[in-house]
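Here is a short briefing on one protein model, grouped by topic. Have the sequence and the structure open as you read.

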Amino acid sequence: MVGFLGPSCMDPVTATAIEVISMYLAGSSASVLEKQMVEIEDPWCSAVRFYSEDRPDTVLWLQLASVATEKLEAAEKKLFEVLKKTVDEQLNMEYLTDLIHRDRRQTMFSAESYGHSFSTPIIIDHMFGNRDGRHLKLLQSLREYEVLEKWTDQDWRDFMRKHLADNHHVSVLGRPSAKLLKKMEEDEQKRIAARIEELGSDRLKELQEKLDAAKAENDRAIPPEVVGQFKVPDIDTIHFINTTTIKAGLAKDGKQ
């Protein structure tokens with residue numbers, strides 16, 4: 001895992017830019033990091049995750065999953081090589097614009113479907129925002145997407161360079177410990193032995209009988225007369241949703 005301190009969580013433009021960048025870098029198999037670190041003949045990892053946490057300065061996390069232990073340092077180095085290469089070369093602006101539009105649609109859908117789309121920014125404003133509520137007024141519109149649509153290729157690359165490629169970071173390389181595994185196994189064996197001694201043979205026999213009875217009851221077949229009490233409903237009781245088919249463009253002319 002690699003952690004960065006990003007832009008202020010109270011700036012809707014940069015916060016939304018982070019969301020878009022997360023999709024551009026690690027949102028799908030077509031994203032930059034997935035293509036160059038996962039979807040290759042000899043993968044560096046099984047998946048790349050990019051997510052953020054709201055703090056006064058947004059915490060950005062990049063996580064590489066299932067990295068071979070002998071590749072940990074090399075995988076971290078490769079990650080930054082890809083990030084630096086990305087900000088040094090021209091971006092796929094068509095794909096980036098599509099991600100902006102997609103995130104806008106998802107935001108609108110969430111606002112219409114889930115209460116947390118408003119409760120979360122209100123909580124964040126209470127924790128980190130100004131007391132005059134100026135940031136809450138920004139929830140009235142989606143102006144940040146209009147701003148991002150005007151960003152140039154250089155604007156996006158400068159943003160990624162500042163907050164990712166050239167930013168200070170903390171890397172945590174997780175290594176499995178054979179020594180700790182052995183200790184955990186030994187501790188578990190000691191725990192079981194102590195428990196057996198504590199209970200004694202008579203109590204263990206009693207608990208075994210209780211467990212066997214519970215298993216037998218759980219595996220008992222349901223009597224047919226019980227199942228038969230549940231009647232199959234008539235299909236006339238099924239209420240289908242009435243829809244109207246609308247055709248436009250080429251579909252209206254029967255060409256598509």
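T16 sits in helix α1; helices (H or I, at least four residues) and strands (E, at least two) are DSSP runs, numbered from the N terminus. With a relative accessibility of 6%, T16 counts as buried. Here buried means under 20% relative accessible area, exposed over 50%, and partly exposed in between (1.4 Å probe, protein chains only). Leaving out residues up to four places away in sequence, T16 touches D103, E144, Y145 and L148; contact means heavy atoms within 4.5 Å.

This is a predicted model: local features need pLDDT of at least 70, side-chain atom pairs count only at pLDDT 80 or more, and totals for chains, interfaces and linings use all residues. Residues are numbered from 1 along each chain as its sequence is written, and side-chain values use heavy atoms, with hydrogens and water left out.

**Helix α4**

- Helix α4 covers residues 93-113, and its 21 residues should span 30 Å at 1.5 Å a residue; the end C-alpha atoms are 30 Å apart, which agrees. The expected span is 1.5 Å times one less than the number of residues.
- The buried residues of α4 are Y95, L96, L99, I100, D103 and S110. They cover an arc of only 145° around the axis, which puts them on the same side of α4. The arc is that of the directions from the helix axis to the C-beta atoms.
- Exposed residues E94, R105 and E112 lie on the face of α4 turned away from its buried side.
- The cover over the buried residues of α4 includes α1 (12-26), α5 (116-128), α6 (143-149) and α7 (153-165).

**Helix α7**

- Helix α7 has 13 residues, but its end C-alpha atoms are only 16 Å apart. A straight helix would reach 18 Å at 1.5 Å a residue.
- Buried in α7 are D153, W156, R157, F159, M160, H163, L164 and A165. Seen down the axis of α7, these residues fall within an arc of 160°, so they line one face of the helix.

**Nonpolar core**

- In the largest nonpolar core, which has 42 residues, L25, L33, F50 and W156 touch the most other members. Such a core is a set of buried Ala, Val, Leu, Ile, Met, Phe, Trp, Tyr and Cys residues joined through side-chain atoms within 4.5 Å.
- Helix α1 gives the most to this core, with nine residues.
- Apart from neighbours within four places in sequence, W156 is in contact with A17, V20, I21, L91, M93, L96, I100, L148 and W151.

**Aromatic rings**

- Rings of Phe, Tyr and Trp (its six-membered ring) pair if their centres lie within 6.5 Å; planes under 30 degrees apart count as stacked, over 60 as edge-to-face and the rest as tilted. By this rule there are five aromatic pairs.
- The ring centres of F109 and Y114 are 6.1 Å apart and the planes are at 80°, so this pair is edge-to-face. F109 is partly exposed, at 43% relative accessible area. Y114 is also partly exposed, at 40%.
- W151 and F159 have ring centres 5.5 Å apart and planes at 55°, so their pair is tilted. Both W151 and F159 are buried.
- Ring pairs link W151, W156 and F159 into a cluster.

**Loop residue S66**

- S66 lies in the loop between β3 (57-65) and α3 (72-88).
- S66 is not a glycine, yet has a positive phi of about 55°.
- S66 is exposed, with a relative accessible area of 62%.
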